[in-house]
Amino acid sequence: MGEGELLSAGPRSGRLRLRITAAAETIVRGGHPWVFTGSVQKQNREGTAGELAVIFDRNDKFLAVGLFDPHSPIRVRVLHTGKPLNIGTEFWRARLDMAVRKRDGLFDERTTGYRLINGESDGWPGLVLDRYDTTLVLKLYTPAWLPRLGKILGIIRAGMKPERIVLRMSRNIQQDTREAAVLPHPSPHPLGEGESLAVGARIWRDGEVVFQKRADLEIGAPVVFLENGLKFEADVLRGQKTGFFLDQRENRRLVESLARGRAVLNAFSFSGGFSLYAARGGAKSVTDLDLSAHALESAKRNFTRNEGDVNVRHCRHETIQADAFKWIAGNSGRQFDLIILDPPSLAKREAERARAIRAYGKLAADGMKCLKRHGILVACSCSAHVLAEEFFGVVRQMAAKAGCNFVELQTTRHAPDHPATFKEAEYLKGIYLRFADNQQPADRWQSGGLAPARLAIDSGREFRRL
Ligand code: SAH
């Protein structure tokens with residue numbers, strides 16, 4: 001691989017060299033971490049997944065170095081721009097250190113689950129590292145990491161001193177693992193009969209425990225960790241993302257502060273993250289609604305885990321396994337004081353954007369119909385393809401259509417342990433509306449949904465019918 005070589009080495013060094021379009025040059029210089037296939041103008045030779053690629057500018061000066069991936073539309077994920085430097089152990093150590101320092105002081109011992117590395121935005125393109133108590137979960141979104149994974153794991157072990165490291169890989173890499181792991185480290189001997197392709201290479205598997213300090217630790221049991229003093233479990237081996245939705249922590253705190261005395265509906269509840277905060281905040285009842293029986297079982301266990309808290313103990317908890325879009329649209333009998341809508345991404349591709357915006361609007365409108373007087377709606381979107389203003393816009397529009405006064409309490413974006421340093425990395429947004437009309441949204445809708453003729457915005461960002 002030659003990793004750790006001086007990147008200023010001349011053209012005869014065999015280093016993979018690229019020239020990109022002028023427009024892409026400007027984008028990379030501006031700090032954007034992706035070079036798309038269409039922007040590559042010249043390449044000195046074929047490259048393999050995970051090889052370091054050096055990008056030279058129009059004047060043949062070093063512009064950037066990044067991880068090459070011949071199979072991805074993102075051909076290079078930039079690691080560094082500016083002056084040439086060594087990409088070796090010291091580089092990775094410094095990168096890890098930077099990410100850790102960025103989180104200094106964010107969490108006390110009441111929070112032992114959070115994100116340590118958030119991909120590109122922490123200088124580790126396509127790689128995520130989450131902490132769940134003494135377990136670390138490393139998740140890869142590109143096979144470009146595979147050839148140097150052993151080295152990276154060593155650096156993480158030395159720097160973080162975890163008891164266990166679990167490897168997770170996004171679905172797109174899982175088929176590539178074998179090839180990507182083998183190609184850069186070809187077996188020194190031709191394969192003989194009965195020999196596996198893994199000779200001389202390491203084959204990595206999704207959900208594999210790649211490091212374990214104590215052999216007696218039970219593998220497969222969910223890991224229990226703390227988030228603001230609440231106990232949660234994470235299925236680090238098989239669960240969605242890395243086992244828990246750590247990105248919603250700050251929104252959960254807000255929900256806790258709004259929940260006192262309320263009947264709460266947590267739609268797309270997963271393992272009850274928002275629900276436990278609402279319960280601790282004094283909610284009268286919490287209803288978890290999710291399609292997944294597994295998620296709801298996990299939510300029940302999380303409630304049991306936190307029964308030491310008197311508010312959690314006194315909160316009525318129920319679970320409903322159903323399609324939340326349909327359940328909310330069809331619900332006429334149940335009314336809630338606080339509704340959280342946190343669906344999975346509704347736009348996986350740019351082409352799905354317009355449809356997703358409409359779907360977010362419909363979901364929010366249907367949710368509003370289930371709200372009691374003075375009810376609060378918390379609507380979230382985790383689709384990077386739907387921009388924050390588009391999402392906020394459609395939710396506000398639906399609230400205005402419902403014909404009630406409402407106060408926009410807050411909008412939220414990324415939590416500090418989930419930094420987003422470029423547009424495509426920004427996916428999470430939330431909007432909080434409190435309906436302030438003396439007529440409840442449901443009545444309005446039933447009486448024909450009187451749309452306001454004109455809307456005015458006052459200083460408190462309150463929308464009033466004129
Ligand atoms: N709010 C959660 C995260 C939600 S992730 C938290 O704070 O942890 C999205 C959830 O939506 C997943 O649990 C998934 O099982 C669920 N889901 C996906 N499609 C659904 C549907 N049509 N109806 C109900 N739940 C659905």
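Biologist: How many residues surround the ligand, and which are the closest?

Modeller: There are 16 residues around the ligand, and the closest are R252, D290, L291, A324 and D342. Here a residue is near a molecule if one of its heavy atoms lies within 4 Å of it. Keep in mind that this is a predicted model: local features need pLDDT of at least 70 and side-chain atom pairs count only at pLDDT 80 or more, while totals for chains, interfaces and linings use all residues. Residues are numbered from 1 along each chain as its sequence is written, and side-chain values use heavy atoms, with hydrogens and water left out.

Biologist: What kinds of residues make up the shell around the ligand?

Modeller: Nine are nonpolar, three polar and four charged. Ala, Val, Leu, Ile, Met, Phe, Trp, Tyr, Cys and Pro count as nonpolar, Asp, Glu, Lys and Arg as charged, and the others, Gly among them, as polar.

Biologist: Switching topic: how many disulfides does the structure hold?

Modeller: Zero, with a disulfide taken as a pair of cysteine sulfur atoms within 2.5 Å. For C380, the nearest cysteine sulfur is that of C382, 8.7 Å away.

Biologist: Is C380 buried or exposed?

Modeller: C380 is buried, at a relative accessible area of 1%. Buried means under 20% relative accessible area, exposed over 50%, and partly exposed in between (1.4 Å probe, protein chains only).

Biologist: Which residues have the most contacts inside the largest nonpolar core?

Modeller: L289, I328, M368, L377, V395 and F435, in a core of 39 residues. Helix 12 (388–401) is among the elements that give two or more residues to this core, and its eight residues are the largest share. A nonpolar core is a set of buried Ala, Val, Leu, Ile, Met, Phe, Trp, Tyr and Cys residues joined through side-chain atoms within 4.5 Å. Helices (H or I, at least four residues) and strands (E, at least two) are DSSP runs, numbered from the N terminus. There is also a second, separate core of 37 residues, including F62, L79, I87 and I173.

Biologist: Now the glutamates. Where is E233, and is E233 buried or exposed?

Modeller: E233 sits in strand 13 (residues 230–234) and counts as buried at 5% relative accessibility. Its side chain makes a polar contact of 2.9 Å with that of S298.

Biologist: What does the side chain of E352 reach?

Modeller: The backbone nitrogen of K348, at 2.7 Å. E352 belongs to the loop between strand 17 and helix 11, and is buried with a relative accessible area of 16%.

Methods. Polar contact = N/O pair within 3.5 Å; in protein donor to acceptor, adjacent residues only side chain to side chain.
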